[in-house]
Amino acid sequence: SLFRECCMKRVCKGCILAADKRGMRDCPFCRTPTPETDSQILVMVRKRVSAGDPEAIYFLGSRYEFGLYGLVKDVTRAVELYERTAELGVKE
């Protein structure tokens, strides 16, 4: 399965293949157009973070922890996001 940043869901490769065969290039789960750049992904993720989505908060924390998607590595910020995620009940 592949993780989709647009909806914070894991989508099985079979579903992605079936959608591709039908000519659908968007996310098979939420139908959002696939982002092409890291900045587009971050816009989607931050929107979900502001809505309080714990998966998005965890995802953003992991990107800060490792300095991915053009973010400056910031372990302190990552820990803050992980703690917020834990408060919302995510156990990872």
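Reader: What does Phe 3 count as, given its relative accessibility?
Author: The model is predicted: local features need pLDDT of at least 70, side-chain atom pairs count only at pLDDT 80 or more, and totals for chains, interfaces and linings use all residues. Residues are numbered from 1 along each chain as its sequence is written, and side-chain values use heavy atoms, leaving out hydrogens and water. Phe 3 has a relative accessibility of 26%, where buried is under 20%, exposed over 50% and partly exposed in between (1.4 Å probe, protein chains only). Phe 3 therefore counts as partly exposed.

Reader: What is the relative accessibility of Phe 59?
Author: Phe 59 counts as buried. Its relative accessibility is 6%.

Reader: What kind of pair do the rings of Phe 59 and Tyr 69 make?
Author: The ring centres of Phe 59 and Tyr 69 are 5.9 Å apart and their planes stand at 75°. Rings of Phe, Tyr and Trp (its six-membered ring) pair if their centres lie within 6.5 Å; planes under 30 degrees apart are stacked, over 60 edge-to-face and the rest tilted. The pair of Phe 59 and Tyr 69 is therefore edge-to-face.

Reader: How many residues apart in sequence are the parts that Phe 59 and Tyr 69 tie together?
Author: Phe 59 belongs to helix α3, whereas Tyr 69 is in the loop between α3 and α4 (75-87). Helices (H or I, at least four residues) and strands (E, at least two) are DSSP runs, numbered from the N terminus. The pair thus ties together parts whose separation in sequence, in residues, is ten.

Reader: How many aromatic pairs does a search of the whole structure find?
Author: The search covers the whole structure. Its count of aromatic pairs is three.

Reader: What kind of pair do Phe 3 and Phe 59 make?
Author: The ring centres of Phe 3 and Phe 59 are 5.3 Å apart. Their planes meet at 20°, so the pair is stacked.

Reader: How many residues apart in sequence are the parts tied together by Phe 3 and Phe 59?
Author: Phe 3 is in strand β1 (residues 2-4) and Phe 59 in helix α3 (residues 54-66). The pair therefore ties together parts whose separation in sequence, in residues, is 56.

Reader: At what distance from the ring centre does Arg 63 lie over the face of Tyr 69?
Author: Phe 3, Phe 59 and Tyr 69 make up one aromatic cluster. A charge sits over a ring if NZ of Lys or CZ of Arg is within 6 Å of the ring centre and within 35 degrees of the ring normal. Arg 63 lies over the face of Phe 59, at 4.0 Å from the ring centre. Over the face of Tyr 69, the distance of Arg 63 from the ring centre is 5.2 Å.

Reader: Near what value is phi of Tyr 69?
Author: Tyr 69 is a loop residue, between α3 and α4. Most residues other than glycine have a negative phi. Phi of Tyr 69 is positive, near 60°.

Reader: Where does Arg 31 lie?
Author: Arg 31 also has a positive phi, near 70°. Its relative accessibility of 45% makes Arg 31 partly exposed. Arg 31 is placed in the loop between α1 (13-21) and α2 (38-50).

Reader: What separates the C-alpha atoms of Ala 18 and Glu 55?
Author: Ala 18 sits in helix α1 and is partly exposed, with a relative accessible area of 32%. Ala 18 and Glu 55 are 37 residues apart along the chain, and their C-alpha atoms are separated by 26 Å.

Reader: What pattern does the chain follow along the sequence?
Author: The chain has four helices and two strands. Of its 92 residues, 33% count as buried. Read along the sequence, the pattern is β-β-α-α-α-α.
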